[in-house]
Amino acid sequence: MEEINKTAKIQFFFRPFSADPKIQVGIFVAFLVMYLTSLGGNTTIAVLVQINPSLHIPMYFFLANLAVLEIFYTSAIAPLALANLLSMGKTPVSIPGCGAQMFFFVFLGGADCVLLAVMAYDRFVAICYPLRYTRIMSWSLCVELMVGSLVLGFLLSLPLTILIFHLPFCGHNEIHHFYCDMPAVMRLACADTHTHQTALYIISFIVLSVPLSLISTSYIFIMAAILRIRSAEGRHRAFSTCSSHILVVLLQYGCTSFIYLSPRSSYSPEMGRVVSVVYTFITPILNPLIYSMRNRELKDALRRALRKF
């Protein structure tokens, strides 16, 4: 009980990127610009889909939900990271606060990964079974798939967060990161974490490999179907609806695999922070840009909305 009380009183601090205040301010400005750009881009997509009846189809329903997930996903990290940058690493976070941030980050990130697999299935049905698309991808199924993504993210996040924060923490309390990431927090535990690291690796492998396998399988069938399309215009149109999704998948799964599937012996905290910047700040910016630049319907909806102003 005394050990639990000591752990509850501990506060964590995040290691600054640099000891130079000017560099910290520069990074703060960069993070703030990326965060606001991400909010603006993803909010624009979500609103465009909502206000345009022509976009009320499953593909854009999932895209709008992905944008909303990205808004909350980035917002779980950015405010505390920005405050920490300005304070030179002197902004404390309690263990419950760190646990809450970790829970929402893993919950939303897990739901994001599952939703990308759902979007691949949607494209598979649209291209391989176009005549049965509206019957297969009914609105009730779309809602169920979206809710299922959130439920799976929750079921992934809750046990992992509980597992890590049952560890005792004492003494060293500086997290070598800019948010409460699981590998970085586990390094501060004053107990053997081998079992916890093994559990994290196994769960991460399953969570990343199963959706990625479904995505890969979907795109094998999609590519085969595209190659059977006779007209060049038809092939280009089909490929353009998929290429943006493939780019987002590569960014998301590539970065998360590097963080959570790298062997502990080869894991570098500094490299981990850099890669984490990509999927917490840069990827949420690129998602709306990639989808909007490669999607004619979305660009047309944006132009119509801008003309009204």
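Predicted model: local features only at pLDDT ≥ 70, side-chain atom pairs only at ≥ 80, totals over all residues.

Residues are numbered from 1 along each chain as its sequence is written, and side-chain values use heavy atoms, with hydrogens and water left out.

**Annotated spans**

Begin by selecting residues 23–48, 60–82, 102–121, 141–165, 201–227, 239–262 and 274–293, which UniProt lists in an unreviewed entry under "transmembrane region"; UniProt positions are given in the numbering used here, feature names are shortened, and annotations may be inferred rather than shown by experiment. Within that list, look at residues 23–48, a span that is 100% helix and 0% strand, with its end C-alpha atoms 37 Å apart. Then turn to residues 201–227, where the chain is again 100% helix and 0% strand, and where the end C-alpha atoms lie 38 Å apart. Helices (H or I, at least four residues) and strands (E, at least two) are DSSP runs, numbered from the N terminus.

Two packed helices are described by the angle between their axes and the distance between the axes. Axes here are lines fitted to C-alpha atoms, for helices over the stretch in contact, and angles run from 0 to 180 degrees between N-to-C directions.

Select helix 3 (residues 58–75) together with helix 5 (residues 95–128): their axes come within 10 Å and cross at roughly 165 degrees. Helix 3 and helix 5 are therefore roughly antiparallel to each other, given that angles under 35 degrees count as roughly parallel, over 145 as roughly antiparallel, 65 to 115 as roughly perpendicular and the rest as oblique. The crossing of this pair is left-handed, a term used if the near helix is turned anticlockwise from the far one by less than a right angle, with right-handed used if clockwise.

To see the contact (heavy atoms within 4.5 Å), show side chains including Phe62, Asn65, Leu66, Leu69 and Glu70 of helix 3, and Leu108, Asp112, Leu115, Met119 and Arg123 among those of helix 5. By class, the contact has 15 nonpolar, two polar and four charged residues, where Ala, Val, Leu, Ile, Met, Phe, Trp, Tyr, Cys and Pro count as nonpolar, Asp, Glu, Lys and Arg as charged, and the others, Gly among them, as polar.

**Helix 2 against helix 4**

Next, select helix 2 (21–51) and helix 4 (residues 78–86), whose axes come within 9 Å and cross at roughly 160 degrees. Helix 2 and helix 4 are therefore roughly antiparallel, and the crossing is left-handed. On the helix 2 side, show Gln24, Ile27, Phe28, Phe31, Leu32 and Tyr35, which meet Ala78, Pro79, Leu82, Asn84, Leu85 and Leu86 in helix 4. The contact divides into ten nonpolar, two polar and no charged residues.

**Single residues**

Move to Leu55, in the loop between helix 2 and helix 3. Is Leu55 buried or exposed? Leu55 is buried, with a relative accessible area of 1%; buried means under 20%, exposed over 50% and partly exposed in between, with a 1.4 Å probe and protein chains only. Not counting residues up to four places away in sequence, Leu55 touches Leu48, Val49, Tyr60, Glu297, Leu298 and Ala301.

Met88, in the loop between helix 4 and strand 2 (93–94), has a phi near 60 degrees, a positive value in a residue other than glycine. Met88 is partly exposed, at a relative accessible area of 23%.

Finish at Phe124 in helix 5, which is buried with a relative accessible area of 17%. Its C-alpha atom is separated by 7.0 Å from that of Tyr219, 95 residues apart along the chain. Leaving aside neighbours within four places in sequence, Phe124 is in contact with Tyr129, Ser218, Phe221 and Ile222.
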